[in-house]
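Subject: Structure for you to look at

Hello,

Here is the structure I promised to pass on. Please open it first, then read my notes below.

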Amino acid sequence: MQDVVSRSALSHTPTANASINLPSGSTLFCDFDGPIADVSDRYYYTYCLALKATQADYARRQIALPVRRLTKAQFWYMKQHRVPDTTIADWSGLSGQQVDDFLSYVPPLVNQSALLHHDQLQPGGKTALTRLRDRGIRIVIVTLRQSAQVLDFLHQYDLATMISQIYGSEDAETAYANRTEHKIAHLQEAIADQNRLGFDTRHSCMVGDTEADVCAGQAVGLPTLALTCGIRSSLHLKGFSPTGVFRDLHTAVAYLTENNASLRA
């Protein structure tokens with residue numbers, strides 16, 4: 001049965017008269033963390049480990065820290081609404097140097113291979129990628145994660161053959177920082193490389209779940225689809241004026257492939 005996506009599936013009405021034409025042979029550039037992989041469990045587990053390590057470090061110095069561990073719902077709400085990590089630490093009962101000590105644990109932990117098994121495939125992710133493949137639309141992943149980590153995840157879920165190319169980072173800590181300038185450089189590299197390989201990138205779009213993805217797409221002149229299933233809220237993403245804001249990749253792809261892939265307000 002063909003999917004039917006109503007306007008209620010959109011978190012935000014697309015820009016008036018915006019149109020995204022993705023014919024067979026065109027390319028969809030897509031972020032990895034958020035759109036395809038649900039990283040919320042790994043990020044929360046990292047937070048818990050860093051809090052525990054900070055508490056243990058002070059205990060060795062005979063200092064008891066009255067930490068208050070946030071629930072996952074509380075933690076993820078703060079991450080989605082761009083609450084600074086220093087504030088998250090403060091809400092967890094830390095202050096002063098304790099906050100800095102806590103924050104120093106997070107970057108080395110979050111992308112450790114031992115924690116990557118906490119990542120899960122986003123609901124509807126495989127259906128979305130299959131739909132794109134079946135319509136001849138190439139999927140190119142542009143991510144700040146290491147390419148090897150992405151490929152391992154794709155093999156785990158039997159998705160590797162659906163992806164045309166992966167453009168990732170060499171540094172394991174780049175993904176957590178999520179700097180816009182890094183994502184712009186990665187997307188520019190991906191487009192230039194795809195053009196050199198002879199693929200037409202004139203009919204393309206960028207899909208992601210953060211302001212870095214939206215700004216990267218805008219910097220190279222691509223329509224941008226922002227997803228709220230990842231680490232940013234709908235309200236935050238709307239502030240960057242993407243072409244459209246959708247609940248998840250499945251919803252965005254279903255909408256794009258309806259009505260000749262046109263977005264009309």
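Val142 stands opposite Tyr167 of strand 6. This is a predicted model, so please read everything below as computed from it. The pair belongs to the pairing of strand 5 with strand 6 (residues 165-169), which runs in the parallel sense over 4 bridges.

Strand 5 has another partner. Strand 2 (residues 27-30) pairs with strand 5, again in the parallel sense and over 4 bridges. Here Phe29 has Val140 of strand 5 as its bridge partner. How many residues of strand 5 (residues 138-146) are buried? The count is 8 of the 9, so strand 5 is largely enclosed by the rest of the structure. When you look at the strands, keep in mind that side chains in a regular strand alternate between the two faces of the sheet.

Next, two residues from elsewhere in this part of the chain.

Ile137 sits in the loop between helix 5 (125-134) and strand 5. Is Ile137 buried or exposed? Its relative accessible area is 6%, under the 20% cut-off, so Ile137 is buried. Leaving aside residues up to four places away in sequence, Ile137 touches Leu22, Pro23, Ser26, Leu28 and Leu132. Ser164 is 27 residues away from Ile137 along the chain, and their C-alpha atoms are separated by 9.8 Å.

Gln149 lies in helix 6 (residues 147-156). Its relative accessibility is 12%, so Gln149 also counts as buried. With residues up to four places away in sequence left out, Gln149 touches Asn111 and Leu116.

Now the helix pairs. Two packed helices are described by the angle between their axes and the distance between the axes.

Take helix 1 (residues 40-59) and helix 4 (residues 97-110). Their axes come within 8 Å and cross at roughly 135 degrees. Helix 1 and helix 4 are therefore oblique to each other. The crossing is right-handed. On the helix 1 side, the contact residues include Tyr43, Tyr47, Ala50 and Thr54. On the helix 4 side, they include Gln98, Phe102, Tyr105 and Leu109. By class, this contact of helix 1 with helix 4 has 12 nonpolar, 4 polar and 3 charged residues.

Then look at helix 5 and helix 11 (residues 249-256). Their axes come within 8 Å too, and they cross at roughly 30 degrees. That angle is under 35 degrees, so helix 5 and helix 11 are roughly parallel to each other. Their crossing is left-handed. Thr127, Ala128, Leu129, Arg131 and Leu132 of helix 5 meet Leu249, His250, Val253 and Ala254 of helix 11. The contact of helix 5 with helix 11 divides into 6 nonpolar residues, 2 polar and 1 charged.

Last, the backbone. Most residues other than glycine have a negative phi. Which residues have a positive phi without being glycine? Among them are Arg82, with a phi of about 60 degrees, and Ser241, with a phi near 55 degrees.

Arg82 is in the loop between helix 2 (72-80) and helix 3 (85-91). Its relative accessibility is 45%, so Arg82 counts as partly exposed. Ser241 is in the loop between helix 10 (234-238) and strand 9 (244-246). At 53% relative accessibility, over the 50% cut-off, Ser241 counts as exposed.

Best wishes

Key: Residues are numbered from 1 along each chain as its sequence is written. This is a predicted model: local features need pLDDT of at least 70, side-chain atom pairs count only at pLDDT 80 or more; totals for chains, interfaces and linings use all residues. Side-chain values use heavy atoms; hydrogens and water are left out. Helices (H or I, at least four residues) and strands (E, at least two) are DSSP runs, numbered from the N terminus. Buried means under 20% relative accessible area, exposed over 50%, partly exposed in between (1.4 Å probe, protein chains only). Contact means heavy atoms within 4.5 Å. Axes are lines fitted to C-alpha atoms, for helices over the stretch in contact, and angles run from 0 to 180 degrees between N-to-C directions. Angles under 35 degrees count as roughly parallel, over 145 as roughly antiparallel, 65 to 115 as roughly perpendicular and the rest as oblique. A crossing is left-handed if the near helix is turned anticlockwise from the far one by less than a right angle, and right-handed if clockwise. Ala, Val, Leu, Ile, Met, Phe, Trp, Tyr, Cys and Pro count as nonpolar, Asp, Glu, Lys and Arg as charged, and the others, Gly among them, as polar. Two strands pair if DSSP finds at least two bridges between them.
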